[in-house]
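Me: Could we go through a few geometric details together, one question at a time?

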Amino acid sequence: MSLADETRGLLRSLVDAGIEFVVVGGSGALMHGVPIVTFDLDIVHRRTPENVERLLSWLLAHGAYHRLDLANRRLPPSGDALRGSGHLNLQLDLGKLDVLCTLAPDVGYDELFPHSTLVELDGCRVRLLDLEKIIEAKAYANRPKDRAVLPLLLATLDEQRGRKG
């Protein structure tokens with residue numbers, strides 16, 4: 001399994017816009033070699049005023065709207081929402097992007113940063129959350145879809161540790 005071209009395009013565009021973020025979730029797991037399928041890109045962004053402004057401008061330039069709005073009002077994201085602690089499930093002209101202000105209570109970009117590394121992807125450097133923290137986040141979320149992928153995440157981690165040890 002590998003990242004979809006759409007996801008690669010989203011990542012490239014975010015990096016080119018100078019937005020500070022960490023890749024988490026299913027796409028992060030895929031980047032670690034976990035054999036799963038995912039249909040969106042999950043990121044946790046740095047919530048400084050400058051970064052929120054860059055992210056909001058970028059989102060609006062790409063026609064972002066809340067994709068899970070049952071009334072289908074195509075509501076755009078707001079700066080207040082990006083400065084908060086919730087999750088924004090967005091549709092853009094580039095694809096689906098889930099912007100997570102925090103991964104868990106009081107666990108935002110600054111707390112995740114020490115557990116992330118820069119990886120090379122298509123000629124750009126992307127910050128990726130380590131697999132242990134992705135597993136921790138999936139276990140914390142405890143939704144059926146997260147519980148379903150935990151065995152694959154854990155098996156991949158065991159395999160990677162076996163190669164290192």
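Me: How far apart are the end C-alpha atoms of helix α1 (residues 5-16)?
Reply: Helices here are DSSP runs of H or I with at least four residues, while strands are runs of E with at least two, numbered from the N terminus. The expected span is 1.5 Å times one less than the number of residues, so the twelve residues of α1 should span 16 Å. That agrees with the distance between the end C-alpha atoms, which is 16 Å.

Me: Within what arc do the buried residues of α1 fall, seen down its axis?
Reply: Buried means under 20% relative accessible area, exposed over 50% and partly exposed in between, with a 1.4 Å probe and protein chains only. In α1 the buried residues are Thr7, Leu10, Leu11, Ser13 and Leu14. Taking directions from the helix axis to the C-beta atoms, they line one face, because they fall within an arc of 165 degrees.

Me: Which exposed residues does the face of α1 turned away from its buried side carry?
Reply: This is a predicted model, where local features need pLDDT of at least 70, side-chain atom pairs count only at pLDDT 80 or more, and totals for chains, interfaces and linings use all residues. Residues are numbered from 1 along each chain as its sequence is written, and side-chain values use heavy atoms, leaving out hydrogens and water. The face turned away from the buried side carries Asp5 and Asp16.

Me: Is Pro49 buried or exposed?
Reply: Pro49 lies in helix α3 (residues 49-61). Its relative accessible area is 61%, so Pro49 is exposed.
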